[in-house]
Amino acid sequence: METYSIDQTSLVRDGKAFFPVMGEFHFSRYPEQGWEEEIRKMKACGMDILATYVFWIHHEEEEGVFDFSGQRNLRHFLELCDKWDMHVWLRIGPWAHGEARNGGFPDWLLKKGYELRADDPDYLKLVERFWKKIYKEVEGTHCILGIQIENEYGHVGGLRGTDGEQHMRTLKKLAEEIGFAAPYWTATGWGGAVIGDLTPVMGGYCDAPWDASLTKLPPNKNYLFTAVRNDGNIGSDYAPGMELSFDKDAYPYLTAELGGGLQVTHRRRPRVKAEDIGAMSVCKLGSGCNLLGYYMYHGGTNPKGKFSTLQESTAVGSFCDVPELSYDFQAPIREYGQISETAKELKLLAMFVHDYGETFCGMTPQFTHDDGNAENLSNIRRIVRRNGDGGYLFVNNYQRGYEMAEHEGISLGVSISTGEIHFPKQDIKNGDYFFYPFQFPLADGQVLRWINQTPLCQINRKLWFFYGTEPLSYELNAAEMLSGQALVVTDRIWAKRAWQMAKYPNALFFSEAPFLETETGMELIRRSDCTQDVCWMVLDTAEELAEPWLTNGWKIVDEMPDFLHVEGDTSILCVLKYDLKPFENPVGVAFEKEGCECEREAYQEYSIQLTCDKICDAASEDVFLQIDFQADQAELYLDGEKIADQYYIGDAWEVGLKRFAFPTELTLRLYPLKETDEIYLETQPDYTDGVCCKLNEIRCAYERKENLVSK
């Protein structure tokens with residue numbers, strides 16, 4: 001059994017610091033039949049911990065009638081996490097927020113007249129009843145690593161000061177008395193929230209779609225290297241950010257709500273890029289963070305309610321309206337399970353902390369100043385995180401929504417006890433962000449004095465993988481050449497295509513299409529809109545090649561592929577490739593407008609017909625409807641029932657059809673967007689006479705899984 005503890009700097013496992021990566025995925029917002037595959041996707045993308053809310057309104061919408069069946073079946077979900085060795089951080093509320101109706105409270109609870117989120121005995125009795133139901137689902141499972149109590153308590157509702165702290169202690173005691181147990185107990189700490197002796201976790205988002213303004217926001221402070229852990233933008237629709245209620249230096253810097261994407265609200269429509277999330281995450285690493293936790297990591301869809309829709313809305317007192325169904329969140333893994341470029345971007349950092357996290361956790365950021373001036377777009381933002389002479393130089397020249405000054409011929413430097421380290425001169429362009437190691441230990445006592453590349457991962461302390469944009473340059477502490485080990489360098493694009501499989505620790509795979517582990521081997525998720533025709537693998541030659549690779553279609557190549565550069569002992573690795581057979585998209589789509597032209601207050605309706613020259617297998621295939629529209633919002637109907645919706649942000653809208661048993665006929669509704677509507681749009685559509693309600697195109701992408709090895 002592993003043992004867990006915590007100190008002032010990091011989480012500790014079996015006496016050693018460890019750096020996990022956590023991603024939020026709400027089981028009750030995804031169909032039960034898809035859970036196992038999505039857990040495997042999260043593992044493939046580097047997630048160690050899956051965080052999930054248990055929304056009260058999803059399980060007791062009608063007072064006294066509990067529902068833990070189907071996609072609300074918490075026990076089944078936890079059993080699948082057990083099966084795939086995925087740790088879980090269970091967020092049991094009782095108040096959750098999460099863009100749910102009433103913050104997750106059932107309507108009937110609000111009508112009781114009790115003092116909610118307080119030590120009111122009548123309220124606590126109902127909390128106890130709900131938590132006991134949750135505990136029956138949890139009991140006997142083994143995956144729970146952490147439990148979060150409440151959410152944003154004392155910032156977004158709840159009590160502050162002594163009364164607030166006491167309520168958090170009351171809830172923790174109640175949970176323990178019921179039987180809940182976990183190595184870690186946490187509370188969200190931003191915005192002045194109270195924590196009641198729990199461990200605080202922090203957050204940070206690259207924008208604020210819940211903000212009241214209708215204009216572009218100022219430069220975001222999450223792109224600074226700073227000792228400030230508090231993001232005052234979170235929950236700013238409820239209350240302005242306040243000072244922390246605890247001494248941050250008494251706790252490790254842990255995050256639970258770094259925005260893996262952004263929820264789109266009706267009033268504000270930010271459009272997120274992978275770099276928005278990647279650069280922010282690099283800034284958190286440089287600033288001392290020792291747990292990267294993303295909200296959301298996996299998007300979803302709100303379940304249907306018995307008495308109402310279950311999304312946050314102004315109709316029930318919220319400051320925001322969000323889609324009735326879609327909870328896509330522009331997340332790294334999207335609403336229908338699509339692995340996005342953001343997931344690949346964050347995988348770079350997950351691979352790094354998995355292999356180097358133990359020593360990295362012990363490194364301290366060297367803050368030279370902390371003016372918090374995100375509006376200074378001229379200076380190079382940099383920081384050193386180190387322990388003694390070893391560490392990393394972090395650089396960020398990225399600010400979402402703004403141009404950073406470019407710098408030519410910059411020589412970055414670091415001071416160590418034996419003198420100055422100077423990296424080769426380079427141009428730092430707008431949008432660049434990276435980190436370089438110095439005094440980086442290799443095997444057998446060899447040390448890289450410096451290298452102008454970012455570490456990715458390593459295999460058996462023999463093959464050291466890096467990526468970057470500059471021509472490779474490095475210096476060893478000793479004059480001799482690398483012996484018995486090799487530096488393997490690629491560019492950022494190919495680094496994002498690197499995949500690790502726990503089942504195959506001696507290999508690193510390169511593929512634009514994602515790899516997933518299976519119970520018997522691994523599979524590749526291929527799409528008709530991806531033209532990839534080969535996969536690559538770099539293998540430690542200690543691996544026995546006969547099985548499973550050469551008998552499963554992999555071939556050894558004599559020459560290094562163009563995207564890899566190797567320095568050192570090339571005899572300790574080999575490269576294999578797998579040629580993929582081409583396949584065609586068997587799905588066709590046609591659409592036509594129904595009825596008359598759109599009036600300003602009405603909608604346009606289209607009928608969609610889908611054809612397929614085969615019967616799709618829901619276990620291994622999917623079809624994504626790609627709807628390119630310009631309007632306020634779109635809704636998709638099947639047999640008269642609304643099954644999907646989306647606000648316009650500028651991207652084509654993807655809907656996975658496997659979930660709906662591959663229908664052949666659908667109806668699309670587009671609602672007009674007026675130029676005078678009080679909406680902030682990061683990407684503007686094309687208006688005609690001040691109105692936009694246009695369907696540009698509908699396409700289909702066909703997805704299938706292909707087994708590449710069986711062992």
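The points below go from the ground rules to the barrel, a helix, the cores, the aromatic rings and some strands.

1. **Ground rules.** This is a predicted model, in which local features need pLDDT of at least 70 and side-chain atom pairs count only at pLDDT 80 or more, while totals for chains, interfaces and linings use all residues. Residues are numbered from 1 along each chain as its sequence is written, and side-chain values use heavy atoms, with hydrogens and water left out.

2. **The barrel.** Eight strands close into a barrel in the order β4-β5-β6-β7-β8-β9-β10-β12, with parallel pairing. From one strand to the next the twist averages 30°, taken between N-to-C directions of lines fitted to C-alpha atoms, on a scale from 0 to 180 degrees. Strands here are DSSP runs of E with at least two residues, and helices are runs of H or I with at least four, numbered from the N terminus. Two strands pair if DSSP finds at least two bridges between them. As an example, β6 and β7 are joined in parallel by four bridges, and V88 sits opposite I144 of β7.

3. **Helix α3.** Which residues of α3 (residues 74–83) are buried? They are L74, F77, L78, L80 and C81. Because these residues span an arc of only 155° around the axis, they lie on the same side of α3; the arc is that of the directions from the helix axis to the C-beta atoms. Buried means under 20% relative accessible area, with exposed over 50% and partly exposed in between (1.4 Å probe, protein chains only). Their cover includes α1 (35–44), β5 (49–53), β6 (87–91), α5 (121–138) and β7 (144–148). Just after α3, D85 has a positive phi of about 55°.

4. **Nonpolar cores.** A nonpolar core is a set of buried Ala, Val, Leu, Ile, Met, Phe, Trp, Tyr and Cys residues joined through side-chain atoms within 4.5 Å. The largest has 142 residues, and W131, I134, F180, F509 and W554 have the most contacts inside it. Apart from it lies another core of 36 residues, among them Y336, V623, Y648 and L666. Beyond its neighbours within four places in sequence, F509 touches residues including W499, F515, M522, W536 and W554, where contact means heavy atoms within 4.5 Å.

5. **Aromatic pairs.** The whole structure holds 53 aromatic pairs. Rings of Phe, Tyr and Trp (its six-membered ring) pair if their centres lie within 6.5 Å, with planes under 30 degrees apart called stacked, over 60 edge-to-face and the rest tilted. Y295 and F329 are edge-to-face, at 5.5 Å centre to centre and 80° between the planes. This pair links distant parts of the chain, 34 residues apart. Y327 and F329 are tilted, at 5.4 Å and 55°. Y295 and F329 are both buried, and Y327 is buried too.

6. **Covered strands.** All of β31 (residues 521–527) is buried, seven residues of seven. Strand β30 (residues 515–517) pairs with β31 in the antiparallel sense over three bridges, and the two form a hairpin with three residues between them. F515 has L524 of β31 as its bridge partner. In β35 (residues 573–579), five of the seven residues are buried, so this strand is largely enclosed by the rest of the structure. Strand β32 (residues 534–540) meets β35 antiparallel over seven bridges, with C535 opposite Y578.
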